[in-house]
Every structure is written in C-alpha cells, then in structure tokens.
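User: I am new to this structure and would like to go through a few of its features. Could we begin once it is on display?
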Amino acid sequence: MKKILSIFVVLLILVGCGSSDKPVLRVYNWGEYIDEDVIYAFEAEYGVRVQYDNFFSNEDMYTKIASESYDVLIPSDYMIQRLIEEDKLMELDFSKIPNAVNIDAEYRDRHFDPENKYTVPYFVGSVGLVYNKNVISPSEVEAKGWDILRDTQYTDRIFFYNSERDAFMVALKALGYSMNTENEQELNAAYEWLVAMKREVNPVYVDDYVIDGMEAGEKDIAIMYSGDATYVLSVNDDLDYIEPHQGTNVWIDAMVIPKDAPNSELAHTFINYILEAENQEAISVKVGYTSPISSVAQKIANDDYAGIDAYLPRTNYDKDEEFYYNAETKVILGDLWSKLIASN
C-alpha cells in the first residue's frame, strides 16, 4: 500500500512539474467579456497556460495592479490615459502584432493614445437607454432623451447604473454640458439634477443585475452599455435601445501591456491572436460588444444580431464624447457621488 501511495505521489509531482513548465500569461479583463473557447484554443496552440482574472471597474483594476503584475490589461480609454501619464505602460512592438492593421482608422489616434504607441482596441461601445416599447413609445424616448429619467410617470420603473462616471455623464448631457467639464458650477448642477431624479422617480441603483432585470422585464427603462443592451434585446422582443439626442459616452476598451509585465513577448502574441478575425467574431458574438474591425462587426450586425441597433453604436455624432481623465475633477465627482448615494 505504501509503495502504491509513493508511486501516486511521484506521479502527482511529475504532473505538477509538467504544468508548471508551461509559460503563464496573466490577463486582467472585465467580467463576461471573453469567449472562453478562444482562451482554451490559445493555450492549446501555443502550449501555454492563461491565468485569466476579472475586474468590475477600471478603478478596481487600477488598485489591483499596484500590488500584482499582469501581462495584458484591458481597461477603458480614460484609464488608459491615466496609466500612460503615470508611465505604467509599455510601448507595443507592432511588428509582433501584424493583425493590428485590420483595426478601423476610426479607432486610431484617439485622445488617450494619440500616437497609437500603447494600445490595440479590444471592443467599442456606447451608453444608452433600454426601454419597453410596449409601455413607452419610441417617439417619447427620442424627444425626451435622458430627461425621461426625470418623468414621474415612470416612478419605481427605472434601473440606474450604480456608477459615478455614468451617472454624471447622463446628468451633464441632459443639461447640455460636456461630460468632461471641469467647471464646478456645471458639476454641481449635474449633482442637483441627480438628486432631483432620485427624489422624483426613486430609481433602483444596480450593477450587472440590470441585464437579468431587464431581460425579465422588471423595469420599463434602464441605462445600459450597448453590448449588454444587444444581449437583452436579443432575448426580449419587448425592448429597444436608443442613444439620446443630447449625446452620450462612446468608449473604447483596449489591450495594453504594463511595464512590469512578466511575459511581454507572450502578451504580444496573445494580443495578435485576439485580433484574428475568427476570434474577434467569436468573442463579439458571445459578449454583444462591437468589434473594432469593421468587416467583423458588419458580418455580425447582418447575421447574429440582425435588426438590433444596439450592436453598432452611432458614429460621428457631434454631441457624443469619450471620457478624459482629470485627477481633480475625479475627486470632486467622487465626493458628490457619495453625497448623492447617502441622500434621502
């Protein structure tokens, strides 16, 4: 019996040694933002192991990477700007990412990386309103835009993101201001707009639950990211999506390599793999967000998500903006958001 156990232990050690010999790629990405089959295929093709961790906000990611090293991060535009300003990202070697040439010109030369040195777009999207078209007419939503969230006939019928960034974007746009304003009077006006909304319509503040809640028809209106909206519209025919006429946030999440990446060579290989058309298609169909490769995005829009406007966010609308990072404004908004959540 002891001999059998000894052999078993040796086998376990050998198996463990074999797995530890594989190069490890550490990837840090949003939750529900990948097709796991693509990861498995990458591991099999390159003989590596991927440690794939999730974050649920850019701020959580920023805190985590202060104490842990990753090879690939997939943050949003404004957070990438911050990481570049703080000299935390590596310049990419595009000779190792040949598939990057397929990225649409529209998603290059952006504010957060104007010289395209540090980033490769992963997915793009917008923020809009999902609504029950059997309860609310499209013409009403089109006319009111974000202000429909202040309409008392929808009291107790609204999901609102539990997100400082998205909340102030909505209020600032409703008031006709830039969502990147540094004007304290405008920021305070947005705060008062949000306080009034909370008092008037009693919204339910949610995170990812908004997906299940709207799929089940629990509320009549919700603020949603376009990819989540694409999914709920695909499973609930009562729903529709609109990007309000006052403007909204159009964003890019991109792949970057931190300066302290343990395996930057493999990171470049992974980024290039993600940009292969068949992998972009698999992930985009799975998560509902828009590929930055137009041929892939158009194919999905015509096939898998035909008739669902949320899949292709609008472009070239002069009132739409991407977020910029501003350390001073962030402190002000954080204080105002805390006051809002604590208010009755």
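User: Which residues in α6 meet which residues in α7?
Analyst: Please note that this is a predicted model. In α6, the residues are A167, F168, V170, A171, L172 and A174, and they meet E186, L187, A190, Y191, W193 and L194 in α7. By class, this contact of α6 with α7 has 11 nonpolar residues, one charged residue and no polar ones.

User: At what angle do the axes of α6 and α7 cross?
Analyst: The axes of α6 (residues 164-174) and α7 (residues 184-201) cross at roughly 105° and come within 9 Å. Angles from 65 to 115 degrees count as roughly perpendicular, and α6 and α7 therefore fall in that class.

User: Changing topic, where does F112 lie?
Analyst: F112 lies in the loop that runs between α4 (77-85) and β4.

User: Is F112 buried or exposed?
Analyst: F112 is buried, because its relative accessible area is 5% and buried means under 20%.

User: And what does F112 touch?
Analyst: Leaving aside residues up to four places away in sequence, F112 touches D77, I80, Q81, I84, T119, I252 and E322.

User: Now the second largest pocket: how many residues line it?
Analyst: The second largest pocket is lined by 17 residues, and E106, R110, V250, T315 and N316 lie nearest its centre. Its space amounts to about 300 Å³. The lining divides into seven nonpolar, four polar and six charged residues.

User: Which element supplies the largest share of that lining?
Analyst: That is β9, with three residues. Both β4 (120-132) and β9 (250-255) supply at least two residues each.

Key
Residues are numbered from 1 along each chain as its sequence is written. This is a predicted model: local features need pLDDT of at least 70, side-chain atom pairs count only at pLDDT 80 or more; totals for chains, interfaces and linings use all residues. Side-chain values use heavy atoms; hydrogens and water are left out. On a 1 Å grid over the protein atoms alone, a cavity is a set of points where a 1.4 Å probe fits but cannot get out, and a pocket is an open set with protein on both sides within 12 Å along at least five of seven lines; lining residues have an atom within 4 Å of a point. Grid points are joined across faces, edges and corners, and a volume is the space filled by probe spheres set on the points. Helices (H or I, at least four residues) and strands (E, at least two) are DSSP runs, numbered from the N terminus. Ala, Val, Leu, Ile, Met, Phe, Trp, Tyr, Cys and Pro count as nonpolar, Asp, Glu, Lys and Arg as charged, and the others, Gly among them, as polar. Axes are lines fitted to C-alpha atoms, for helices over the stretch in contact, and angles run from 0 to 180 degrees between N-to-C directions. Angles under 35 degrees count as roughly parallel, over 145 as roughly antiparallel, 65 to 115 as roughly perpendicular and the rest as oblique. Contact means heavy atoms within 4.5 Å. Buried means under 20% relative accessible area, exposed over 50%, partly exposed in between (1.4 Å probe, protein chains only).
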